[in-house]
Amino acid sequence: MTVPRSLQGRLSLALALGLTVLWTAAAVVTTLILHEELDQVFDSALEETGQRILPVAVLEILNREEDDAITQRVTTLRAHEEYFTYLVRDAGGTVLMRSHAADEATFPPFTGTGFASTPTHRIYHDAALQGTVTISVAEPLAHRREVARETVWALALPLALLVPLSLLGVWALVRGSMRPIRAFRDAIAMRGSGDLAPVPAGRLPAEIEPVAGAVNALLDRLRRALEAERSFTANAAHELRTPVAAALAQTQRLIAETGEGAARDRAQDIEAALKRLARLSEKLMQLARAEGGRLRAERAMDIAPVLGMVVDELRKGACGTGRIEVRMPEGEIQSVMDPDAFAILTRNLIENALRHGASDEPVQVVLTRDGVLRVINGGPPVPTETLNRLFRRFERGRTAADGFGLGLAIADAIARGSGARLVLHSPALGRTDGFEAVLSLNSAT
């Protein structure tokens, strides 16, 4: 038998087995006591019968005529099953009186007052007139066994109904007692990756309360550690923006004031490095936003206009000119993802496709009525082992394009934090090449 893994199953099984063993033991002990008590009752009835019949038989025998030596068989008023049979004999063993169903072969010789047993009968002997008249009363042992069997069945049948009901009661009691633990388990299981608030402990048993306290203490430490990391990332990125912008402005002014030559080339290199640093600080701020929670709106909103604005902005850039093809249905497309978070996510997906996709092929952006966004670009397939790592921070595939390896990590963090699902495919679905990102906005709603 396989032991259940759940605490509820183990407690129910243990209590059920224990209760079954106790009921069985109680039934066995009760049966043994019942057999002994029945034997005493039957022996008492046997003795009482003999002591009541013997005086009557003595009077009847004494009132007989002296020449009447015929054994008298007591007749019955109506046919019935006779459990007690008897013989009345004299000192020599001659039968003076018998019950109508008495069989002499059943009765052993009189050896003294008291009980005796044969393989088939229980017999009581008694005597009167100084032993000159004796009586032997016999009861079939089969009758006793039948009565005992019927009594045991009368005891066992209620138990056969009571034991399953008791087991059902044990299961219901254990299940009810485990309700706070199941609620605590479900509260933990329903937590999203960004939800580190304390788990309500409810009315947990005393044995589980320390576990709940330890879990909430661990969540609090994790929350503080992540908040410190996000705060550092956001503050560092924010603080970098001003000096980088100032340095970039001074560099661009230096380029404008410097003529052709090595100095101008070095100034342009500095400008490119500062622009890259500015983009990195922007990506770090987006990453902090993605991992900082608050990625779901209070109510469902139309996200189609957000996608349109992101595409229009990217089309104005050098990479997006004439390369973005958009298909979306008419009307509203509802989603509970925060519009700002959706804009950051889609911008990163489309920028990733523009930067790393084949430059001679368009980037297809498809939004369906059921809230599925597909961003497809051309290019050679990405190896599976590389595809599985692209959601990591600063992870890049084999590409010569400029980038930091943060775009897909930001998109995945937003998707997970908002309850959506982002899946990467390479080759693109239905093609032998290319790369495709599929975002299911309403996978958890």
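Helix 6 (residues 304-315) and helix 7 (residues 339-356) pack at an angle of about 40°, their axes lying 9 Å apart, and the two are therefore oblique to each other; angles under 35 degrees count as roughly parallel, over 145 as roughly antiparallel, 65 to 115 as roughly perpendicular and the rest as oblique. The model is predicted: local features need pLDDT of at least 70 and side-chain atom pairs count only at pLDDT 80 or more, while totals for chains, interfaces and linings use all residues. Residues are numbered from 1 along each chain as its sequence is written, and side-chain values use heavy atoms, with hydrogens and water left out.

Helix 6 passes helix 7 in a right-handed crossing. On the helix 6 side, the contact (heavy atoms within 4.5 Å) is made by Val306, Leu307, Val310, Val311, Glu313 and Leu314, and helix 7 contributes Pro339, Phe342, Ala343, Thr346, Arg347, Ile350 and Glu351. By class, this contact has nine nonpolar, one polar and three charged residues.

Helix 7 also takes part in the lining of a cavity. A search of the whole structure finds one cavity of 30 Å³ or more, where a cavity is a set of points on a 1 Å grid at which a 1.4 Å probe fits but cannot get out, and lining residues have an atom within 4 Å of a point. The largest cavity has a volume of about 30 Å³. Its lining consists of Leu349, Asn352, Ala353, Val375, Asn377, Phe435 and Ala437. Helix 7, strand 11 (372-377) and strand 13 (435-440) each supply at least two of the lining residues, and the largest share, three residues, comes from helix 7. By class, the lining has five nonpolar, two polar and no charged residues.

Definitions and conventions:
Axes fitted to C-alpha atoms, helices over the stretch in contact; angles between N-to-C directions. Helix = DSSP H or I, 4+ residues; strand = E, 2+ residues; numbered from the N terminus. Left-handed = near helix turned anticlockwise from the far one by under 90°. Nonpolar A, V, L, I, M, F, W, Y, C, P; charged D, E, K, R; others polar. 1 Å grid on protein atoms, 1.4 Å probe; cavity = no way out; pocket = protein on both sides within 12 Å on 5 of 7 lines; lining within 4 Å. Points joined across faces, edges and corners; volume = space filled by probe spheres on them.
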